[in-house]
Amino acid sequence: MIDTGDAQDAERTWCLAEVDIFCDLSEKEMEAIAAAAPMKTYTAGEMLYSPTQPCEVLFILKRGRVRIFRVSADGRALTTAIITPGTIFGEMVLLGQRMYDNYAEALDDAVVCVMSRTDVHRFLLVDARISARITAILGRRLADLEQRLSDSVFKSVAQRIATTLTTLTTAQPRPGPLRPGARHPQIALTHEQLAALAGTSRETCTKVLREFADRGLIRLARGRITVLDSERLQDASG
């Protein structure tokens with residue numbers, strides 16, 4: 001018989017073990033951090049934070065995907081990051097960079113571990129190994145944001161959609177013993193969700209996806225897009 005308390009402890013620790021910044025921590029260190037980072041569930045479409053409901057916590061994504069975006073004065077949304085399992089977010093505020101104009105939306109039903117500002121400083125920023133990795137993550141996020149801003153100005157809608165599909169494909173978890181890789185990557189998104197990520201309308205997105213499907217780049221199904229030819233899709237991204 002499995003003790004439910006031990007199972008819950010293992011579940012909390014696993015949440016952190018999948019995160020790169022914690023890769024070389026001891027079991028004791030992992031347990032201490034896990035105790036300070038309780039899990040929370042969000043349903044697809046639910047906001048984790050917004051300008052009207054800012055927060056100063058670190059999120060560790062265990063399951064699902066989260067979209068980080070901003071909204072301009074004229075109502076246009078710019079996706080600044082797509083968070084996948086095993087990744088942290090919300091760290092900009094914790095490191096003194098005020099990002100209160102950001103929204104975080106669960107693209108799927110999501111499970112996160114949540115750590116307060118106090119515990120982030122207590123457990124993470126005092127550890128040179130972890131703080132260096134967080135700094136590297138910030139650098140990658142800023143580079144990604146710069147690329148997305150450039151794409152929004154210089155790329156066509158079709159190129160942006162191809163870029164988004166390519167990004168989502170390469171961001172999927174790596175295959176392993178418990179997660180065998182599929183022959184063709186699949187992306188679980190509606191046309192409306194993909195349009196929001198690419199910064200266009202649902203109607204335009206649907207038209208472009210059908211063109212890609214006619215060219216044999218992708219296969220469309222309800223709420224799911226299968227990438228059939230990654231190389232040609234990347235070429236289409238410009």
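Which residue in β11 does Gln186 stand opposite? Gln186 stands opposite Thr226. The points below take up this strand and the elements around it.

1. Basis. This is a predicted model, in which local features need pLDDT of at least 70, side-chain atom pairs count only at pLDDT 80 or more, and totals for chains, interfaces and linings use all residues. Residues are numbered from 1 along each chain as its sequence is written, and side-chain values use heavy atoms, with hydrogens and water left out.

2. Strands. Helices (H or I, at least four residues) and strands (E, at least two) are DSSP runs, numbered from the N terminus. Strands pair if DSSP finds at least two bridges between them. β9 (residues 186–187) runs antiparallel to β11, joined by two bridges. β10 and β11 are also antiparallel, with four bridges, and the bridge partner of Arg219 in β11 is Thr226. A hairpin is formed by β10 and β11, with two residues between them; in its turn, Gly223 has a positive phi of about 70°.

3. Helix α8. The 13 residues of α8 (residues 202–214) should span 18 Å at 1.5 Å a residue, and the end C-alpha atoms are 18 Å apart, which agrees; the expected span is 1.5 Å times one less than the number of residues. Just after α8, Gly216 takes a positive phi of about 80°.

4. Buried means under 20% relative accessible area, exposed over 50%, and partly exposed in between (1.4 Å probe, protein chains only). Cys205, Thr206, Val208, Leu209 and Phe212 are buried in α8. Seen down the axis of α8, the buried residues fall within an arc of 165°, so they line one face of the helix; the arc is that of the directions from the helix axis to the C-beta atoms. Exposed residues Glu203, Lys207, Arg210 and Asp214 sit on the face turned away from the buried side.

5. Core. A nonpolar core is a set of buried Ala, Val, Leu, Ile, Met, Phe, Trp, Tyr and Cys residues joined through side-chain atoms within 4.5 Å. The largest has 22 residues, and those with the most contacts inside it are Ile161, Leu165, Leu194, Leu209 and Phe212. Elements giving two or more residues to this core are α6, α7, α8, β11 and α9. A second, separate core of 21 residues includes Met30, Ile60, Val120 and Ile130.

6. Cysteines. Cys205 counts as buried because its relative accessibility is 0%, whereas Cys23, at 56%, counts as exposed. Zero disulfides (pairs of cysteine sulfur atoms within 2.5 Å) are found in a search of the whole structure.
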